[in-house]
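Please open the structure in your viewer and keep the selection tool at hand.

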Amino acid sequence: MKQSLEDEFTAFVAERGQSLLRIAHAMTGDRDAAQDLVQGALAKAYSHWPRIHSDAEAYVRKILYNDRVSAWRKAGNRNEVTVADVPDRANRERHDDDVAERLALREALLSLPARQRAVLVMRYLEDRSVEETAEALGCRPGTVVSQASRALVKLRALVGRVTPLEASR
Amino acid sequence: MRDLEDNLRDAVLDLADDAPRPLDLAAAARTKGRRIRRRRHIAFGAVAVALIAVTVTPYTVLRKDAAEPLPAATVSPSVEATPTTVSLSAFDAGKPYRLLGGAVITALSRTVDKPDSPDVYTEDEIHHVLLNRKTGRYGELTGRYGAVVPGPDGLIAAYGGATAEKTTRIVTASGAIRRTIFYRPIGGDPDPEWSPVDSRLLIPTSEGFAITDVTRDDDVRTGALSNCPDWCSLSWLPNGKEFAVTQRDSTQPRSEAIQEKVGSLDIYSAGTGKLVRSIKMTGRPLGTRAWSPDGRHVLVRPESGAITLADVRSGAPIAELIGSDALYLKDGRILTVDDEFVMLYDAQGRALEQADLPREFQGLTVKAGLP
């Protein structure tokens, strides 16, 4: 590969590496797994760099999400954890309730199937639209809406919310 | 109390904020990416052994353009010489496949083709076909490993695993595991290197290095190294008593945005783990087999250039060679290997012979060795 492209790849990783690791960690909840996920996506990007360098960010994100979802499928859902003991919501002030719920949600997120979690990360971390999320995950917008809906219903049940939620907007 | 979705957004952000800091991401990605490029395309496995064994139509075009672009240098590429074209025999899995200069193919590696997602690979989908030194036949290695390094006495260092922790297993060609070694890998993920004189294995680790005699379970010597660049490389010297470690070019400004260059090689004693001397060099050696038998020359690859024959005393380049891998033969000649051709050079880097490899080898990682 030409030196200019090599330099471009190095600069891309330096500039976007941390951002990609944030996405990967939000999806895996594990530092080593996040590092592996990002390295794998960057390796695939590097192997196609002359062709994809003009739109590298989108390419890498797409690989990142799809690798996570396919790896989870392959592993026989082994990354799914049971959240039997979600922290009880203490009868405290509202602020304490919010903090407790955030902690509970963090745990509950890790119990979701990878695709649902990927949808939530794209929607809530990256502020992606339904259409953008569907494009990245290679599915229809309707699938994104239904996955988000199911995820929120499950999270609501896990943290003990009783108010019906609007699944996706 | 806030809306659940607000708290969910914060929880996702919390998780993202706990992400690790990037460490050698570009170097590791380059290593894996180059492997992906080499292994792309088509399926391989037990069936491929039979497929490779069919008679091969001579492949008439020597793909010289497959070589990496040459760096600006005063060295003349050796391809300008007019080597003799030699025809190799068809591949027969029942006997060692002879290359030029008496070398043979010792390993072939390929990934499984997945038409629906051709870019997605895991170690489960990588297959290696190895020469069994005892039977003289090729067979698929059982077990799933990211890469293999054929060694002495029919032993193979086969390694793989997550980025955070690697496993090198010492296996026989039939797949029997003799020993398992766990370690944290270094950036660039270089291969373990077999000693040229005995059964010791040199393993690059995140802390530095580990040397172990694979025939003795309790024998592991470790040591610390520093200043290895993104493309770290460890290799034994021909005497089997010392090993070389690439060193970062100290004159280059440190920046994550710039790929680190090699400025020298540090030579360590394998017995004491101490630094013995340093020599000037501007590329990383292509492994232990890249050192000439007399130790006066070494085959290196600059960060993005062609294989370069260099003088060990001065570090000066002598010639540029074509191929993706190279090794010295016992008589001091050099064999370069690609997935489409092999070339034989004399000790000064002048091309002597060239030969096309069977078309079935395209896309494979081809490893050559001595019979």
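Begin with helix α6(A) and select its buried residues, which are Ala114(A), Gln116(A), Arg117(A), Ala118(A), Val119(A), Leu120(A), Val121(A), Met122(A), Arg123(A), Tyr124(A) and Leu125(A). Here buried means under 20% relative accessible area, exposed over 50%, and partly exposed in between, with a 1.4 Å probe and protein chains only. Helices (H or I, at least four residues) and strands (E, at least two) are DSSP runs, numbered from the N terminus.

This is a predicted model, in which local features need pLDDT of at least 70 and side-chain atom pairs count only at pLDDT 80 or more, while totals for chains, interfaces and linings use all residues. Residues are numbered from 1 along each chain as its sequence is written, chains are lettered from A and ligands numbered from 1 in the order in which they are written, and side-chain values use heavy atoms, without hydrogens and water.

Now view α6(A) as a whole, residues 114-125. Because eleven of its twelve residues are buried, α6(A) is largely enclosed by the rest of the structure. From first C-alpha to last it reaches 15 Å, close to the 16 Å expected at 1.5 Å a residue; the expected span is 1.5 Å times one less than the number of residues.

Next, select Asp127(A), in the loop between α6 and α7 (130-137) of chain A. Its phi is positive, about 55 degrees, although Asp127(A) is not a glycine. Is this residue buried or exposed? Asp127(A) is exposed, with a relative accessible area of 55%.

Move to helix α1 of chain A, residues 3-28, and centre the view on Arg16(A), where there is a kink of about 55 degrees. The bend at a residue is the angle between axes fitted to the seven residues ending there and the seven starting there. Just after α1(A), Gly29(A) has a positive phi of about 70 degrees.

Turn to chain B and select Asp153(B), in the loop between β5 (147-150) and β6. Asp153(B) is not a glycine, yet its phi is positive, near 55 degrees. With 68% relative accessibility, Asp153(B) counts as exposed.

Finally, select the residues lining the largest cavity, among them Thr106(B), Asn132(B), Arg133(B), Gly154(B) and Ala173(B). A cavity is a set of points on a 1 Å grid over the protein atoms alone where a 1.4 Å probe fits but cannot get out, and lining residues have an atom within 4 Å of a point. β3(B) gives the most to this lining, with three residues.

Methods: On a 1 Å grid over the protein atoms alone, a cavity is a set of points where a 1.4 Å probe fits but cannot get out, and a pocket is an open set with protein on both sides within 12 Å along at least five of seven lines; lining residues have an atom within 4 Å of a point.
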